[in-house]
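Biologist: I am new to this structure and would like to go through it with you. Could you show it to me before we begin?

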Amino acid sequence: MPMTNDMQQPLPVREGSSLPKAWVVTTVFNRNESVAKYLACLDRQSFRNFSLVLVDHGTQPLSLDIKFPEYVTLLRGSSEMWWTGAVNTGIRYLLESEDVADQDIIILQNDDSIFGPEFVESLVSAASTEQAVIGSVAINATTGRILHASLKFNKMRARYDYLHYGKPISELADKLYESDVLKGRGVAYPVRVVRRIGLLDESLPHYKSDHEWAHRAKTMGYGVYVIPGAISETVLDTQKQVSSDAPFLSLWKVLVSRRSPKNIVDTVKFFFICFRPIPATYYCLVDISRTSLVSLIAAILYKLKFRR
């Protein structure tokens, strides 16, 4: 994966702390406006023993007007990379550095996330204490309600159930919640765990590679949990996925586009990577049938709505 050497800055020097150092890996693709807000969240962190590896893989480099703090290492990746490849670029860079110790923690976070001053410390403390993979809780920035916390796989329905979806964050107790998989938004992996389980699977270039990574860690004996003390606010994308002019074409794109979290190709790959062939076949059939039926119904309803 190409990366220009002139965009790299030396890794910051390790500072003393009772907790191990955190290395935050974040990718950005053509979103200058989100980076400044994101850096502001990091600047406010109560835990200061961290560095940020920012992987810019947009079609246009980040603006030179952005003032990067000393804790930022900027890598330039290819615009042909998807999310998984860009994240692996940052992780690979860390694993090859002599400054990164096995007891340190790697945190993945999205550049459009908003989080409070205790976010990094909560993840580092839990991941280092438990020597486990620790995820954060994502809440709707508008309503304050939980979008995802603990995810449990429902074998009969072939899907991950969002156990706390729509609930206020106050309903979660101050404890670790076990989860079958984790999102890539606000998740911490001990470096020694990453060295053993390997990088994210780039056969899943954009969606589900984060799920597969946590699933892999769990099958190799590591705990996978969510901690309510680490919260990310997320602004939901309200952009229409269905065109009133061509609803059936729009819904077809939902099923086949790599940009769609429901695309069939990644769904099939994910199930066969994570499960044995017979259950994986069943999960694929159930998931694809459900997604196709829901998409068809949505297309028909849109067509009827705009005929009026």
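Biologist: What volume does the second largest pocket have?

Modeller: This is a predicted model. In it, the second largest pocket has a volume of about 210 Å³.

Biologist: Which residues line the second largest pocket?

Modeller: The lining consists of Arg-31, Glu-33, Ser-34, Lys-37, Tyr-38, Asp-111, Asp-112, Ser-113, Ile-114, Thr-234 and Val-235. By type, they divide into 3 nonpolar, 3 polar and 5 charged residues.

Biologist: Which element gives the largest share of that lining?

Modeller: Helix H1 does, with 4 residues.

Biologist: Let us stay with H1, then. Which of the residues of H1 are buried?

Modeller: The buried residues of H1 are Ser-34, Val-35, Tyr-38, Leu-39, Cys-41 and Leu-42. They lie on the same side of H1, because they cover an arc of only 155° around the axis.

Biologist: What does the face of H1 turned away from the buried side carry?

Modeller: That face carries the exposed residues Glu-33 and Lys-37.

Biologist: How far apart are the end C-alpha atoms of H1, and what span should its residues have?

Modeller: The end C-alpha atoms of H1 are 17 Å apart. H1 has 12 residues, 32-43, and at 1.5 Å a residue they should span 16 Å, so the two values agree.

Biologist: Where is Ala-158 found, and is Ala-158 buried or exposed?

Modeller: Ala-158 is in the loop between strand S8 (151-154) and strand S9 (159-162). Its relative accessibility is 0%, so Ala-158 counts as buried. Phi of Ala-158 is also a positive value, near 55°.

Biologist: Which side chain does the side chain of Lys-21 join in a polar contact?

Modeller: The partner is the side chain of Ser-51, in a polar contact of 3.1 Å.

Biologist: Changing topic to cavities: how many of 30 Å³ or more does the structure hold?

Modeller: There is 1 cavity of 30 Å³ or more. The largest cavity has a volume of about 40 Å³.

Biologist: What lines the largest cavity?

Modeller: Its lining is made up of Gly-135, Ser-136, His-148, Ala-149, Leu-151, Val-181, Leu-182, Lys-183, Arg-185 and Gly-186. These divide into 4 nonpolar, 4 polar and 2 charged residues.

Biologist: Now helix H7. Which residues of H7 are buried?

Modeller: In H7, residues 264-274, the buried ones are Asp-266, Thr-267, Phe-270, Phe-271 and Cys-274. Their arc around the axis is only 130°, which puts them on the same side of H7.

Biologist: What does a side-chain oxygen of Asn-263 reach at the start of H7?

Modeller: That oxygen comes to within 3.4 Å of the backbone nitrogen of Val-265.

Biologist: One last topic, the loop between S9 and S10. How far apart are the C-alpha atoms of Glu-171 and Pro-228?

Modeller: The C-alpha atoms of Glu-171 and Pro-228 are separated by 9.9 Å, although the two residues are 57 residues apart along the chain. Glu-171 lies in the loop between S9 and strand S10 (177-178) and is exposed, with a relative accessible area of 54%.

Biologist: And what separates the C-alpha atoms of Lys-175 and Gly-229?

Modeller: A distance of 8.7 Å separates those atoms, with the residues 54 apart along the chain. Lys-175 also lies in the loop between S9 and S10, and Lys-175 is partly exposed, at a relative accessible area of 46%.

Conventions
Residues are numbered from 1 along each chain as its sequence is written. This is a predicted model: local features need pLDDT of at least 70, side-chain atom pairs count only at pLDDT 80 or more; totals for chains, interfaces and linings use all residues. Side-chain values use heavy atoms; hydrogens and water are left out. Buried means under 20% relative accessible area, exposed over 50%, partly exposed in between (1.4 Å probe, protein chains only). Helices (H or I, at least four residues) and strands (E, at least two) are DSSP runs, numbered from the N terminus. The arc is that of the directions from the helix axis to the C-beta atoms. A polar contact is a pair of N or O atoms within 3.5 Å; within protein, one must be able to donate a hydrogen and the other to accept it, and residues adjacent in sequence count only if both atoms are side-chain atoms. On a 1 Å grid over the protein atoms alone, a cavity is a set of points where a 1.4 Å probe fits but cannot get out, and a pocket is an open set with protein on both sides within 12 Å along at least five of seven lines; lining residues have an atom within 4 Å of a point. Grid points are joined across faces, edges and corners, and a volume is the space filled by probe spheres set on the points. Ala, Val, Leu, Ile, Met, Phe, Trp, Tyr, Cys and Pro count as nonpolar, Asp, Glu, Lys and Arg as charged, and the others, Gly among them, as polar. The expected span of a helix is 1.5 Å times one less than its number of residues.
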